[in-house]
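Here is a short briefing on a protein model.

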Amino acid sequence: MDETQKNILLQMNKISKAMLKAKEELNKSVVYQRKGVLDQAVITLEKNPNSNLTLFGIKNTGEIGIEMATKLENEVGYFFHTIDKMSERGRAIDIDLINPLTGRVMTGSSSGGCVNILKGINDLAIGTDGGGSVLAPAISTSLFSIMAKGMGLKGNSIKSSTDNIKFTPGIGVISHNYNMCKKALNALVDKNHNINSNRKIRVLVPKKNSIILPNGNDMREDLEGVINLIKEYVEIVEKDFTGLEDRHSSISFCNKMFDEEDIDIILSVEGPIDLYGLGDSVLGTWGEVGSKIQNDSGKYLLKIANMINATAVSIPTSELGMGVLIMAKEGLENGEIAIELGDKIRRLYDRPELYNRYFIEDYKSKSLDFI
């Protein structure tokens with residue numbers, strides 16, 4: 001059997017197993033499954049037998065138009081497979097689903113999209129983000145994400161957060177593969193724009209001891225590897241991040257940095273997401289106990305990226321449920337700078353080989369059941 005024949009078998013095996021798993025997850029993480037992907041796969045492999053096939057799901061919300069599925073399906077080998085569950089009323093946790101990686105309650109609200117990637121149903125998910133609903137579930141499952149509100153990718157409605165902040169949802173992509181996120185974004189966003197390579201990028205990072213993460217680590221110390229990687233070609237600016245757990249304070253702080261101090265990029269470390277606590281406002285309103293649970297969720301600037309019209313990239317680190325957040329102020333060029341920075345930073349971190357084998361490449365394993 002030559003390499004082309006092996007690829008056809010591998011791709012059809014992947015599609016077949018993904019469809020079987022999607023059927024098992026109907027009314028759980030999957031709201032609707034398109035069975036036509038099997039025929040689409042056959043037609044594509046007949047024309048391009050060496051293709052790698054990519055399945056994607058879309059969050060079950062009217063904020064995402066069908067034209068986005070059409071744009072993605074115009075990419076060779078990209079198939080619209082499922083409509084993915086969102087948490088009830090857009091809650092920041094989804095009490096109906098379990099995070100397949102951590103075994104804890106799933107982070108919302110783009111919960112089904114991430115679960116379906118880890119279950120091998122899809123490679124890519126399109127979700128919406130009000131107060132971290134793309135970025136937080138992606139980090140909690142060690143997936144990559146790009147929330148591109150700052151590049152014009154957004155819904156149409158005006159909504160109100162649980163703490164009475166008005167916003168329009170941003171739209172983002174989530175995947176186990178950073179290049180898949182970039183390719184999807186290129187299909188969804190008109191990016192006919194060149195980066196001014198002569199401009200010195202100003203990157204804001206926290207001072208030491210200004211934020212201690214729920215696992216006891218200093219956020220700044222966790223960023224040292226990133227800072228060492230990029231400091232030769234960007235200008236690093238330090239500020240005190242104390243108190244930025246509070247959403248109103250962080251919105252005011254970040255807007256001031258972008259508008260008055262010419263900061264291009266803000267870096268933070270987020271997490272561990274929903275492991276030491278649960279970042280959910282419904283819980284947080286219940287006195288000291290609820291407030292402590294919410295404050296230990298590991299959610300910081302990801303909660304406000306959409307609300308300040310930023311573009312934000314999340315890169316999973318080698319620690320469970322943790323990620324580097326790269327947040328750029330509104331604009332196509334700034335968004336592209338954040339995505340380019342993400343491409344460099346992702347190379348710092350390796351996810352455990354067992355994660356890849358168990359979740360991402362599980363379709364390659366053979367399960368010869370007795371019955």
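The lining of the largest cavity holds two nonpolar, five polar and three charged residues. Here Ala, Val, Leu, Ile, Met, Phe, Trp, Tyr, Cys and Pro count as nonpolar, Asp, Glu, Lys and Arg as charged, and the others, Gly among them, as polar. The model is predicted: local features need pLDDT of at least 70, side-chain atom pairs count only at pLDDT 80 or more, and totals for chains, interfaces and linings use all residues. Residues are numbered from 1 along each chain as its sequence is written, and side-chain values use heavy atoms, with hydrogens and water left out.

**Cavity**

- Rolling a probe the size of a water molecule over the atoms shows where empty space is left.
- On a 1 Å grid over the protein atoms alone, a cavity is a set of points where a 1.4 Å probe fits but cannot get out; a pocket is an open set with protein on both sides within 12 Å along at least five of seven lines; lining residues have an atom within 4 Å of a point.
- Grid points are joined across faces, edges and corners, and a volume is the space filled by probe spheres set on the points.
- The structure holds one cavity of 30 Å³ or more.
- The volume of the largest cavity is about 30 Å³.
- Its lining consists of Lys59, Asp84, Lys85, Ser110, Ser111, Gly112, Gly113, Ala125, Ile126 and Gly127.
- Helix H4 (111-118) and strand S6 each supply at least two of the lining residues. Helices (H or I, at least four residues) and strands (E, at least two) are DSSP runs, numbered from the N terminus.

- The domain assignment gives domain 1 (3-190 + 353-363) and domain 2 (202-346). Such bounds come from an automatic or database domain assignment.
- The C-alpha centres of domain 1 and domain 2 are 23 Å apart.
- In domain 1, 41 residues are in contact with 42 residues of domain 2. Contact means heavy atoms within 4.5 Å.
- The largest pocket lies between the domains, because both give residues to its lining.
- This pocket has a volume of about 1,000 Å³.
- Its lining has 42 residues, and Gly90, Ala92, Thr162, Arg247 and Ser281 lie nearest its centre.
- Strand S6 (124-129), strand S8 (159-160), helix H9 (247-260), helix H10 (281-284) and helix H11 (287-295) each give two or more residues to this lining.
- H10 gives the most, with three residues.
- By class, the lining of the largest pocket has eight nonpolar, 20 polar and 14 charged residues.

**Second largest pocket**

- About 560 Å³ of space lies in the second largest pocket.
- It is lined by 31 residues; closest to its centre are Lys14, Asp123, His176, Met180 and Tyr363.
- H1, strand S2 (54-59), helix H6 (178-188) and helix H13 (353-360) each supply at least two lining residues.
- H1 gives the most to this lining, with six residues.
- The lining of the second largest pocket divides into twelve nonpolar, ten polar and nine charged residues.

**Helix pair H1 and H2**

- Two packed helices are described by the angle between their axes and the distance between the axes.
- The axes of helix H1 (residues 3-24) and helix H2 (residues 37-47) come within 10 Å and cross at roughly 170°. H1 is therefore roughly antiparallel to H2.
- Axes are lines fitted to C-alpha atoms, for helices over the stretch in contact, and angles run from 0 to 180 degrees between N-to-C directions. Angles under 35 degrees count as roughly parallel, over 145 as roughly antiparallel, 65 to 115 as roughly perpendicular and the rest as oblique.

**Backbone spots**

- Most residues other than glycine have a negative phi, and most peptide bonds are trans.
- Glycine 108 and serine 109 are joined by a cis peptide bond, with omega about 0°. Serine 109 sits in the loop between strand S5 (105-107) and H4.
- Glycine 271 to proline 272 is also a cis peptide bond, with omega near -5°.
- Asparagine 209 has a positive phi, near 70°.
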